[in-house]
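Dear colleague,

Please find below the structure that I am handing over to you. My notes on it come after the sequence and coordinates.

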Amino acid sequence: MEILYLLIPLSVVLVFFIGIAFWWSLRSGQYDDLEGPGHRVLMDDDKVREKKPGK
Amino acid sequence: MSQDSCYHCGLPVPDTVNFLVEIDGAPRRMCCGGCAAVAKAIVDNGLGDYYRNRDALPDSPREALPAVLDSLALYDHADFQKSFVRALSEHEREASLIIEGITCAACIWLIEQHVARQPGVVGAEVNFSTHRARVRWDERRGKLSDILAAIAAIGYRAYPYDTARSEELAREERRSALWRVFVAGFGMMQVMMYAVPTYLAGEGDMTLGIESLMRWASLVLTLPVVGYSAAPFFRGAWRDFGQRRVGMDVPVALGVGAAFLASVWATLTASGEVYFDSVTMFIFFLLGGRYLEMTARQRAVSVTEALSKLMPAFAARVAAYPAERVLAQVSVADLHPGDVVLVRPGETIPVDGVVLEGNSATNEALLTGESAPVVKAPGAAVIGGSVNVDSPLYVRVEQVGESTRLAAIVGLMERASLERPRLVQFADRVAARFIQALLLVAALVAVAWWFIDPARVLWITVSVLVVTCPCALSLATPVVLTIATGALARAGLLVTRSHAVETLARATHFVFDKTGTLTYGRPELLDVLTLGEFDVATCTALAAGIEHASEHPLGVALREAAEGAVPAVRDVVNTPGCGMQALFEGRTLRVGRLGWVEELHRQMLPESAHALLAGGDTVVGLGDEAGWLALFRFGDRIRPEAAMMVSDLRAAGLRLALLTGDAEVVAAGVAQALGIDEVRAEATPQSKHAYVESLQKQGAVVAMVGDGVNDAPVLARAQVSVAMGGGSQLARTQADLVLLSDNLEHLARGYHVARRSLWVIRQNLAWAFVYNVVALPLAMLGFVTPWMAGLGMSASSLLVVLNSLRLQPRERR
């Protein structure tokens, strides 16, 4: 049970890191457009690079 | 896609044109040079995938591009950039753009890819939901005008937009609210992790050290939740305290504060119970509910926002019109009455004005709710904020800035939103009393439980404070009214006074003015009786030709009735009060008052004309030296949708009446045609006023619909008044509602929306009441823990908001 003395403080620290990660995602606008990125991932731009090497 | 429709925009390809662009290895036909240019730009840049990925067709680019491109250079001026470009570093700039023409997700991809390839562009993001774009570029290597030109080249229109507007504020509000919800939610989950073991552990399973450690960990995680996430509640309660009144936030702040401080004390002294889990969960549910409420509200007010955003920033001013027509792009703020501007198809008309040249149609849907484009010919008035649809128009500026109709509409709407409706005031008063009573009850409960079981005093008191918070009660009315106002505006009925929705729904009598309200309010040619050698069309054309420069309403009506070209006449002489005289192919013609026309040839009217004269309508004659040629009968035509509205309102159980200053015969005719039983003809403004007053004495709630200056007193007298959008300024500012579309059917629809709103308000209030009546005894008896109380209260508020949202009309998309 002694391990809890390490794990509980660790979990508190972890929470703050997760909080920072969310704060960053919020500030970078990831929650502003919940529709577009879902479509965007389907757009395939690999072929474009094949056609235009060097771009 | 069939062979005959344009591969780019889907419009039919005329047989006479032959534009071919190779896409995906096959030649594709295009409908016009614009589409071909756009498609070629897309393919040449290696973005042909767009055609494979799109799931909606784009707008046709219509106009050839160079005209647009010329004006873009203006965007490079530092003065113009002030409002929408931010400097990120010494050379990096960021512009906020609004992009028109986005129809599907592939458009986003296309624009981002294409813009990102322009020289100097560092980044480009397009938001699919709002159609806004942010473009960052290096000033030294590229120009903004090139970026805008690149967007135009692939068939979209980009306009700068001012970020200092409320939309940005709303976004900030949303972000910070979401962050508060997250902090509370994550704090809640983690605190729960520490709380559950202590609930499950049996006697002696956990050492004192571990338990104390868990309490301290919970304390550390609850601190940001109470200190940051719950800060709005404390601030609100403090503000209420300063103003010596009690609001919604007081019981919440008391509950949270008491439970938190007691838990901190228990942790510090290692005694008693801790409620960190309940506190965090309660705050999370409350904030979650508020967040959902806020997003719903922001969506509902978007109509007002859309209206105020309609005005474009720039206009094409035509110097030295009509001789030289030098075009210059200027800021709309620099336009003055008397200037002439050119409005190209697809552009928004920047000012209120009069068409000087060009035939086109404009879309006034957002202003009036009328979805069909309105035809505009020289002489027609155009409203700032409407969109020119067909072909270029030269417009003389009449009103700018604050004096435009759009600005007036926005001003009226703002007035409505500033006033607090009586219903809301009432709900707030009830809620304030309720909270006072609640605080008293909570104190009594605390004392009672102190004697029964001191260990449970704290959380039972907190539960009572929280579970009965009258949030749902005070949300019930304002949310409905906000949404109803938006729904009405979309139907073309503008709410300018806060009580209008409620009173309209309660109306028992609808009283209509006749001229201009049930009828068009201007004469129209109803009948032509030919008496001479010419047929109907020739006579009308002749009369229209003589009246071709006349501003007289009858002259205008004649011109409207004449089809095709009117014959040219010479030596037109206007005799005010009588009519007009002119020379045509060697003979003198007169059109005007019967007696005056008769003076020309001294011949009596034939027998056949008497039937025409009997109706009481205005009759005008046309004759030459030899005798009568024709008689024209004019009348005020009833609006075609009026009958439908009348039967609709009657079916809803309303009493209808017609009030008019016109003669008995005319009034009775209109009333009969529409099915209105109650008619008061030859009424003066005073007698109209008296009539409405007498109805009100019998307990009626009167809705008055009118348009003219003479209606202003009676509009003010009626409990709720509706003015026609095309009516006089005085009537519009007096009225509680303005029917912008002038379409009476929208009035009937608006009445039903108002009725439904009142019904939803009643549902909401009933629900809030029942909830409190059930929850309070349960909490007093100790069956409700604080987190259950938080959940119950948030759920009841949310239910109220969702119920109100049913009023919102379905989006077209």
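The notes below cover conventions, confidence, the contact between chains, and some local features.

This is a predicted model, in which local features need pLDDT of at least 70 and side-chain atom pairs count only at pLDDT 80 or more, while totals for chains, interfaces and linings use all residues. Residues are numbered from 1 along each chain as its sequence is written, and chains are lettered from A and ligands numbered from 1 in the order in which they are written.

Confidence in chain A

The average pLDDT (the predictor's confidence in each residue, from 0 to 100) is 75 in chain A, and 76% of the residues score at least 70. Helices and strands are named here as DSSP runs numbered from the N terminus (helices are H or I with at least four residues, strands are E with at least two). Within chain A, H1(A) has the highest confidence, at a mean of 89, and H3(A) the lowest, at 45. Over residues 47-55 of chain A, pLDDT stays under 50, and the model has seven contacts beyond four places in sequence for them. Two residues are in contact if their C-beta atoms, placed from the backbone, lie within 7 Å. Where pLDDT is low, the predicted coordinates should not be read in detail.

Contact between the chains

Chain A contributes 27 residues to the contact and chain B contributes 26. On the side of chain A that touches chain B, helix H1 (4-27), helix H2 (36-40) and helix H3 (46-51) each supply at least two residues. H1(A) gives the most, with eleven residues. By class, this side of chain A has 14 nonpolar, four polar and nine charged residues. Here Ala, Val, Leu, Ile, Met, Phe, Trp, Tyr, Cys and Pro count as nonpolar, Asp, Glu, Lys and Arg as charged, and the others, Gly among them, as polar.

Chain B overall

Chain B has 30 helices and 29 strands. Of its 813 residues, 42% are buried. A residue is buried if 20 or more other C-beta atoms lie within 10 Å of its own, exposed if 12 or fewer, and partly exposed in between, with C-beta atoms placed from the backbone. Among contacts in chain B with a separation of 6 or more, 66% join residues 24 or more positions apart.

Local features of chain B

An open sheet of three strands has the order S13-S12-S15 (chain B), with antiparallel pairing. Its edge strands are S13 (374-376) and S15 (387-388) of chain B, each pairing on one side only. Two strands pair if DSSP finds at least two bridges between them. Strand S12 (residues 360-363) of chain B is joined to S13(B) by three bridges, and B:Ser360 stands opposite B:Lys376.

Most residues other than glycine have a negative phi. B:Glu585, which is not a glycine, has a positive phi of about 45 degrees. B:Glu585 is in the loop between strand S21 (579-584) and strand S22 (587-592) of chain B, and is exposed, with 8 other C-beta atoms within 10 Å. B:Arg602 also has a positive phi, near 55 degrees. This residue lies in the loop between helix H22 (594-601) and helix H23 (610-614) of chain B, and B:Arg602 counts as exposed because it has 8 C-beta neighbours inside 10 Å.

Yours sincerely
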